[in-house]
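Reader: I would be grateful for a close look at one part of this model. Please state the criteria behind each term as you proceed.

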Amino acid sequence: MLSHKIAALCAAALFVPIVPAQTATLPAPPANGEMGFVFAHFAPAIHQGDQDCPDGPVATLRDNYLQTQASAERLRLLEKPNEAELTKRWTGYAFGPQGTNICTHPDKFDRPSQRIVQGKVAQGLDLDGGADAEGCDHDPFTSPTGQAGVDNQMWRAMGCVRTWRGVDGTGGDIVRGLTQFLISGEHTQVLLLTGVDSLSDDPDVTVIYANSEDRAVVDAKQNFMPDASYTVVANAQHRNVLKGRIVGGVLMTDPAHIRLRQSWGQGSERDIRGKRTEYDMTKARLRLTFQPDGSLKGLVGGYQPIWNIMASASIGGEGAATTAGYDCAAMYAALKKLADGDRDPATGQCRRISSAMEVLAVPAFVNDTLPATRVAQQ
Amino acid sequence: MIRALCFLAALGLTACSAEKAPQSVSAEPSFVPLKAPLGQIVAMRRLTEAQYRNSIADIFGPDIRVAGRFEPIVRPVHELIATGAASSTISPAGLEQFDAMARAIAAQIFDADHRAQFMACAPRDVAAPDPDCAARVLVPVGRYLFRRPMTQEEVAAYVMMAGKATASSGDFHKGLELALAAMLVSPHFLYVVESAEADPESPGDLRLDNLARASRLSFLLWNTTPNETLLKAAEQGQLTDPSQLAAIAGRMVRSPRLEDGVRAFFADMLLFEKFDEMAKDQIVYPRFNPDVASALSEQMLRMIVDQLVTQKGDYRDLFTTRRTFINRALGPLYQAKVTSTQGWVPYEFAPGDDRAGLLGQAGFLALYAHSGRSSPTLRGRAIRELLLCQPVPNPPGNVNFTAVQDVTSTAMPTAKMRLTAHNSDPVCAACHRITDPLGLPLEKFDGIGAFRRQENGAPIDTAGLFEGVAFQGNIGLGKALAASTSTTECVAGRAFQYATGRVPEDDGALAGGIEQDFAKDGYRIASLFLRVATMPQAYRIAAPPLAAPEIAMTTSKGVHP
């Protein structure tokens, strides 16, 4: 137990609560020590600092195309009678040789990085303890509560994208979109805590962090209903078993490789619907605070492949470029430049980027499934 | 009834010239037209929606889609839909719906995918009328639809109708399709026509004849149209023989299909049609979504069927059983873990859980509540009227409801306090004394049947009183109902009413006798249904025969009976 306590203290030192724990008002855990939750929110952790984007939000593909033109030509194209010509030219800017397009193949286009966050403050966790021998140099943030060493280069790269950043304290469209995926059952995520003796302090808690095939049970306002039942997926790949502890009403888990399924749609191949991708986070941790209403709030942090950060735009292909106006090559350049994890020994380029997802999980009944027996086959 | 027939006539079903039934029709029983005249019609009971759907599925297969809206059968006050069905008309708009459904059903049956299983022959020319083949197809189908062999006039009329339609469309199957659609809007299909014969046991009186008994048994016990075995038994005169009737009915109550009959009976007895119009205030009850709404009635029926049919349990235990069923939609409402991702799973409440019994089910609690608040009065009234058969008078028109409707009152935070204030008016108090002591024990369940410990922060008093016995909560209420003979007398009487369309009080001591037999049988529902299905009194005809129906579709030479 002493080793547990030391580990707990060390882990506690790495993290800073986002939501202060109110341990005095926390209920007692169930007698069987088992607590289930379903995620009602899982989206990039947004922090809208005043100094983040001094040059404005990330430019659109149209804007970036215009910047490639001489001043006089740019002014001519912006005249109303020339709108059709401009549209034809900037959408053409999304395509390369041999049928490539800027969002499906952003690495085939040599474009400058998009604007990145200049501010010093962001949400996130200290994923590398200040130094990671397998990572790359980066400029960590300070958390909103003053904790240094926050690793969230994903936010630095993407925090000036309009659809991420949002306005006036509300996150962008990505937050609503990802919430909708939770509601629709395409990204359903559940937590099952076992061995919980106290919501204030417990040195040894097992956390099963998994997907479920079950569609969310929501009320008339599309809010997740507490006490609904979910069954863990049979696929052991998406059933992550983590070791954790509770310190001062905050649940923390040890670093682990966490993989979670993302189903984009119900199977149609017309557009991004039907695609299957993953949340793939290495050295990932949960830091969740028990709330008096029984929910959990906090962060999930880890290193994600840079391709995964822009999966939605990439799957969207030319539509993401010509309709949404994403300059995916500029996005890719920013992510590649800021990647700080999983350094390729051969090239020195990091292939993953630190990230933080803000989460809310509400109480649920979770039916666990034992991992399927794996039989070796030739 | 006559109105309904007139509406059918008004539809203008093809009037055709008389044509003899084909002579070459096989002598197999199902191909033989009815030569004897129809018996005296003593009642016509409209098919319920479920009976219509079940009939189509059983006759033509479950893959035949029945799409459309059914005009509801009006329920007489304090009675059953089964009783209302005996005096139900069909409006012109309702008939249009039946006609549209009939045409859609007939089109499916004679489409290329389905027709082979119904075609007893191939037409000589697929583009020309073939009366012989048409009759070979339509006569057996008509026997199932009308629950008796068709008369010669009917065969002639439908065959001719098919022939004319074939001639105009150039398609034999289109002709059959039109004839079948006409059969599906015939009163002989839309109504269960009960016909009678002289009762040899009681000269001068009538009793239901064999074919009418086949329909009675089938709709009572299985909620569907008679099958081949039952029709054959009727055609052989077995159903007027008490011992053979008992043997056949006994086999039917032992069939798994009794579940359909029991479901239909309790859906009628407990006014389940109200679920279709139940609405809850989304501001007050955001948890009440369409999935929850659609699961509530099914949960109650599953509990009833499990207790009474699957477990073959005592009816009284329905009010105390801890066994029920649950699905994912209802899990949050019950704050219960549901172990299956899809469908229903058995669920047992913990000992002492106030949810036990039929009255603790969210369906009952939500149905008998207002859209934004619970209602001890509505719940108490429902228990009195539906489960104890004790009608409660309607409130007078000038009642001041201010006190009971002030649900956020800090001075009177609970429903009991508000009702106490309301009952300071002695006119109100008289009826509330009947209802509220049965509804207040359920106050720990809100207007959608979710458990609550307090109301407006105040503790909830669930004291109740029934037949001089005081108790607490739903568990106490369930035990009190289970111990009362009013409860068992009520269901026994309802079963007779459901079977016959008659109120048992009409038959004097009959209701008491049914209840005594029910008691002897250990209050088993199968035994109750068997008794009702076999008791001679249920087949005796008290009312005078109806006038013979007139249908303008048979021939152009005249209207045939």
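How are helix 12 of chain B and helix 21 of chain B oriented to each other?

Author: This is a predicted model, in which local features need pLDDT of at least 70 and side-chain atom pairs count only at pLDDT 80 or more, while totals for chains, interfaces and linings use all residues. Residues are numbered from 1 along each chain as its sequence is written, chains are lettered from A and ligands numbered from 1 in the order written, and side-chain values use heavy atoms, without hydrogens and water.

Two packed helices are described by the angle between their axes and the distance between the axes. In chain B, the axes of helix 12 (residues 258–269) and helix 21 (residues 485–500) come within 11 Å and cross at roughly 105°. Helices here are DSSP runs (H or I, at least four residues), numbered from the N terminus; axes are lines fitted to C-alpha atoms over the stretch in contact, with angles from 0 to 180 degrees between N-to-C directions. Helix 12 of chain B and helix 21 of chain B are therefore roughly perpendicular to each other, a term covering 65 to 115 degrees.

From helix 12 of chain B, Gly261(B), Ala264(B), Phe265(B), Phe266(B), Asp268(B) and Met269(B) meet Val491(B), Arg494(B), Ala495(B) and Tyr498(B) of helix 21 of chain B, a contact being heavy atoms within 4.5 Å. This contact has 7 nonpolar, 1 polar and 2 charged residues; Ala, Val, Leu, Ile, Met, Phe, Trp, Tyr, Cys and Pro count as nonpolar, Asp, Glu, Lys and Arg as charged, and the others, Gly among them, as polar.

As for confidence, chain B averages a pLDDT (the predictor's confidence in each residue, from 0 to 100) of 88, and 89% of the residues score at least 70. Within chain B, the mean is lowest in helix 1 (residues 2–10), at 36, and highest in helix 15 (residues 362–367), at 98.

Conventions
Helix = DSSP H or I, 4+ residues; strand = E, 2+ residues; numbered from the N terminus. Parallel < 35°, antiparallel > 145°, perpendicular 65-115°, else oblique.
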